[in-house]
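Please keep the structure open while reading, and look up each residue as it comes up.

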Amino acid sequence: MNLWHRLIHPLTHRFRRRRGQFILANFPDIRTARICDLGGSIHFWDKLEIDVPRGNITIYNISANETQGMAETTEGGIRVVIYDGVTIPVPDGHYDVLVCNSVLEHVPPAARAALAREIKRVARAVFCQTPAQSFPFEPHFLLPFVHWLPRSWGFRIIQLSPWRLLARPDDATIREYWWGTQLLTGQEVQRLFPDDDIVAERFMGLTKSYYVVRRATPLATRDRLLRAA
């Protein structure tokens, strides 16, 4: 673990733990649910501190480097699947709950609508979080206001960011991470998920990130509605 991860993991632990409590409160059946973690990692579930059986979770990511795991984990652990980043290779409604944490901002804007459709396709319930563009502190580089500046200016400034100095990425990684990270406004999130609840996660009175919440209709209630129809 490099110096960057030694710094960032303790900083994010508190927010992940609060996020875990939100997930438990809004998805009370998650302990028995079949879970898709889209774009996630194994350490994310450790930080949530919720007692979800790890064998119920499948992570889909585009790179094993991002998951902190192998292509398949040991029996009883979280399963990791490397996929094309476009189509999750499962039938419609295959999962009970889909969790997508801090992923949308790394997806090219032109591809976000397709990803949102895929998120809604594969699961009956959804929790999707993304940092707010309106929050003055950029969470990926740990710098204030840099994401509000012209992109070319921000690229120069991040050369002195804590991420750049502690993680020591090569030039190609710096370019890819900066130009591939673009935070969303609340209106953009609403356009992607017009039928779902958008909840503001707040810090010091400001919106730090957005939660997209789609709660599944309980199966018994859904069956009654179908029979009534």
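Predicted model: local features only at pLDDT ≥ 70, side-chain atom pairs only at ≥ 80, totals over all residues.

1. With a relative accessible area of 31%, L149 is partly exposed, and together with W153 and I157 it forms a nonpolar patch on the surface, where the three residues have about 280 Å² of accessible area together.

2. On the chain as a whole. The chain contains 8 helices and 9 strands, and 41% of its 229 residues count as buried. Among the contacts with a separation of 6 or more, 61% are made by residues 24 or more positions apart. The chain exposes about 12,200 Å², and carbon and sulfur atoms supply 56% of that area.

3. Side chains of opposite charge can pair when their charged atoms come close.

4. On the pair E201 and R19. The side chains of E201 and R19 meet in a salt bridge, with 3.0 Å from N to O. Because E201 belongs to strand β8 (residues 197-203) while R19 belongs to helix α1 (residues 3-26), this pair ties together parts that are 182 residues apart in sequence. Are the two partners buried or exposed? E201 is buried, at a relative accessible area of 4%, and R19 also counts as buried, at 0% relative accessibility.

5. On the pair R31 and D51. A salt bridge also joins the side chains of R31 and D51, at 2.6 Å from N to O. R31 sits in the loop between α1 and β1 (35-38), and D51 in the loop between α2 (42-48) and β2 (57-61), so here the parts tied together are 20 residues apart in sequence. R31 is partly exposed, with a relative accessible area of 36%, whereas D51 is exposed, with 52%.

6. On the pair E118 and R121. In this salt bridge the side chains of E118 and R121 meet at 2.7 Å, again taken from N to O. Both residues are in helix α3 (residues 112-122), and, being 3 residues apart there, they are separated by about one helical turn. E118 counts as buried at 9% relative accessibility, while R121 counts as partly exposed at 23%.

7. On the aromatic rings. How many aromatic pairs does the count come to? The count comes to 14 aromatic pairs, and ring pairs link F141, W163, Y177 and W178 into a cluster. One member of that cluster, W178, has a charged residue over its face, namely R151, at 4.3 Å from the ring centre.

8. On two residues with positive phi. Most residues other than glycine have a negative phi, which is the background for the two cases in this point. L142, in the loop between β6 (137-138) and β7, has a phi near 55°, and this residue counts as buried at 15% relative accessibility. M204, which is found in the loop between β8 and β9 (206-214), has a positive phi of about 55° although it is not a glycine. M204 is exposed, with a relative accessible area of 74%.

9. On D195 and V212. D195 lies in the loop between α7 (186-192) and β8, and it is exposed, with a relative accessible area of 66%. Where the C-alpha atoms are concerned, D195 and V212 are separated by 9.9 Å, and the two residues are 17 residues apart along the chain.

Conventions:
Residues numbered from 1 in each chain as written. Heavy atoms only, no water. Salt bridge = Lys/Arg side-chain N within 4 Å of Asp/Glu carboxyl O. Helix = DSSP H or I, 4+ residues; strand = E, 2+ residues; numbered from the N terminus. Buried < 20%, exposed > 50% of the residue type's maximum accessible area, 1.4 Å probe, protein only. Patch = residues over 30% accessible without salt bridge, like charges linked within 9 Å, V, L, I, M, F, W, Y side chains within 5 Å. Areas by Shrake-Rupley, 256 points an atom, 1.4 Å probe, with all protein chains shown as cover. Contact = heavy atoms within 4.5 Å. Phe/Tyr/Trp six-rings, centres within 6.5 Å; stacked < 30°, edge-to-face > 60°. Lys NZ or Arg CZ within 6 Å of the ring centre and 35° of its normal.
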